Amino acid sequence: MLPADSSLIHRDAELPGLAVLLDVDAFASVLQAELPEINIQSVHSTYVRYKRGTNCLVAYELNVAGTKVPIYAKAFGANSRNKLQKFRNRTSVPGSLGIGRLILAAYGIAVCFFPNDKNLKQLPQLVDRQTRKHLLDKISANDLCETQLLNLRYKPERRYVGQLRSDTNIQAVLKAYTKEDYLQAKTNAQAFHSGTVLNIAPTLGYSDRDRLLAFEWIPQLPLNKAIAQPQFNYDTITLTGAALAEIHAQNPANLNILSRNAEAQSLLLLAADLSFIYPPVADLAQNLAQQFAEQLLSLPQLTYPIHGDFNAEQVLLGENVTILDFDRAVRSDPAADLGSFVARLEHDKLRGDLSSYRLERIKAALLQSYQAPFLLNRVELYTAIALFRLACEPFRYREPNWHEKTVMILQQVETILQPLSTPQSA
C-alpha cells in the first residue's frame, strides 16, 4: 500500500474500514476468510468514491476460476451499525458466486455482489434472462430479441450501462439509473435532435418504473480510438467541431441551468477534497480553485445547451458524427465543452498516450471548425478547469502512484492557467 494511502487512512479515523478497502491485499484476505469455500485467485480495485468521515465505496473485480466477478464494498463511519442493518434487511439475489450480500461488521463494511446494488434496484431483474425479457417488452415496441447482456460500464449505486446482443448482431445499449438521476437523464436523452453533421443515437424506449433507457447501438469507431492510431485523419476533428456547434445552436426544453456560482462552489469543494486526500497538494489545489472561482464569477451567465462531459470517447465517426451520452447536459457556457475535450487530450499527453504535436493539431482543428474565435480565452480557462476536475481520477481509479499523477495534473493546470492570470490577457 502506498504511503499516501496509509496517511489518508491514519487521518480519517472516523472510517475504520478504510484500512481494509484501500489495501486490496487486506480486503482479499478478509473476503477469503469469510468465503473459505470459494477460491478467490485475485482481487483488483477499479473505482473509489470517498466522502471523508462518512463513507467510502470501492468497486472490485474478483478473479474466480478465470471468471471476472464484479462486487463493491462500502465502509461507514459513526453510524455504521444502522447502515449495516439496512443492508442486512434488504432483499438480495444470489450473484454469480451464489452470494447476494455480505456484512463485515468488525470493519463497518457491507459487500454487495453484482447484480445486488443499494440504489440500482432494477439490476437483478435486468440481469436475469427471464425477467429481462419482460422488462424489454415494457421498454420498447422494437423486437429486442437478445440472447445476452454484456456489462459495459458499472458505477455502483450510480449507473449501469450494458449491451444487448443477439446471435447475429448488437441490438441496443441499456442504461439503468438511480431514482435521483433517472428523470433528468431521460429528459436530456430526448432533448437534442440530429442535424446536418450531427447525429444523435435514437432512444428506442424507456421504463419510468424501472428507470431504464434503451438506445440504438451505433457501430462506428470512437474518436478516442481513431486519435490513438498512427495515421489519423484530422478532417474528423473538423466534423466534430461542426457537430458540437450544432448542439450549441439548438434550443432544447427542460435542461437545468448551471450557474457561475454553482460552478465556482463545486471547484472549491473539489479543492477541499484533494487537500484532504493528499495534503502536499493542498496549497496548490486551493489556490487554483480560488483563481477559477474569481474568474468564473466575473463572467456573465450564459445559457447555451451544452453536452456537459464532452470528450473524444463520446464521439463516433461515420458519414455523420454521432455524439453520445447527454446525462450531464445543462445550459451553460459553450466554452466548457471545448475545454472539456481539450482537457482530456492534455490528460492523455500527461499519461504518455498522446504527443504534444498531435494535441496541438487537434486543438487547432477543433477550434477552427467550431468557428467562434470570441471563445478562445474562455476555452483556455475551461481547459484548465476540466483538467483540474480530472485531478481526483488517479485516486478514484486506483492508478499506481496516484499521488504523483495528481501532482502532475495540478502542475499542468497551473501552466495552462498562468497566462490567463496576467493583466495582458484580461
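**Stop 1: the second largest pocket**

Start at the second largest pocket, which holds about 540 Å³ of space. This is a predicted model, in which local features need pLDDT of at least 70 and side-chain atom pairs count only at pLDDT 80 or more, while totals for chains, interfaces and linings use all residues. Residues are numbered from 1 along each chain as its sequence is written, and side-chain values use heavy atoms, with hydrogens and water left out.

Select Lys 74, Lys 118, Asn 119, Glu 157 and Glu 180. Of the 24 residues that line the pocket, these are the closest to its centre. A pocket here is an open set of points on a 1 Å grid over the protein atoms alone, with protein on both sides within 12 Å along at least five of seven lines; lining residues have an atom within 4 Å of a point. Points are joined across faces, edges and corners, and a volume is the space filled by probe spheres set on them.

Now colour the elements. β1 (40–51), β2 (55–64), β3 (67–76), α4 (80–89) and α7 (179–189) each give at least two residues to this lining. Helices (H or I, at least four residues) and strands (E, at least two) are DSSP runs, numbered from the N terminus.

The classes are Ala, Val, Leu, Ile, Met, Phe, Trp, Tyr, Cys and Pro as nonpolar, Asp, Glu, Lys and Arg as charged, and the others, Gly among them, as polar.

**Stop 2: Asn 55**

Stay with β2 and select Asn 55, which is found in that strand. Asn 55 is buried, at 13% relative accessibility. Buried means under 20% relative accessible area, exposed over 50%, and partly exposed in between (1.4 Å probe, protein chains only). Show its contacts (heavy atoms within 4.5 Å). Leaving out residues up to four places away in sequence, Asn 55 touches Leu 15, Arg 49, Tyr 50, Lys 74, Ala 75 and Phe 76.

**Stop 3: helix α7**

Select Tyr 182, Ala 185, Lys 186, Asn 188 and Ala 189, the buried residues of α7. They sit on the same side of α7, because they cover an arc of only 160° around the axis. The arc is that of the directions from the helix axis to the C-beta atoms. What do these buried residues pack against? Their partners are β8 (170–177), β10 (203–207) and β11 (212–216).

**Stop 4: salt bridges**

The whole structure has 20 salt bridges, each a side-chain nitrogen of Lys or Arg within 4 Å of a carboxyl oxygen of Asp or Glu.

Asp 208 lies in the loop between β10 and β11 and Lys 186 in α7, so the pair ties together parts that are 22 residues apart in sequence. Asp 208 is partly exposed at 41%, whereas Lys 186 is buried at 15%.

Next, select Arg 328 and Asp 309. Their closest N and O atoms are 3.9 Å apart in a salt bridge. Arg 328 is in the loop between β15 (321–323) and β16 (330–332), and Asp 309 in the loop between β13 (304–306) and β14 (315–317), so the pair joins parts 19 residues apart in sequence. Arg 328 is exposed at 52%; Asp 309 is buried at 19%.

Then pick Glu 399 and Lys 405, a salt bridge of 3.4 Å, N to O. Glu 399 is buried at 14% and Lys 405 partly exposed at 30%.

For a network of salt bridges, select Arg 159, Lys 175, Asp 325 and Asp 327.

**Stop 5: Arg 11**

Go to helix α1 (residues 3–11) and select Arg 11. Arg 11 is partly exposed, at 29% relative accessibility. Its contacts, not counting residues up to four places away in sequence, are Phe 276, Ile 277 and Pro 279. Arg 11 and Ile 277 are 266 residues apart along the chain, yet 9.2 Å separates their C-alpha atoms.

**Stop 6: the cavity**

Finish at the largest cavity, with a volume of about 30 Å³. A cavity is a set of grid points where a 1.4 Å probe fits but cannot get out. Select Leu 338, Leu 367, Tyr 370, Ala 372, Leu 375, Leu 376 and Val 379 to show its lining. α13 (356–370) and α14 (376–389) are the elements that give two or more of these residues. The lining has seven nonpolar residues, no polar and no charged.
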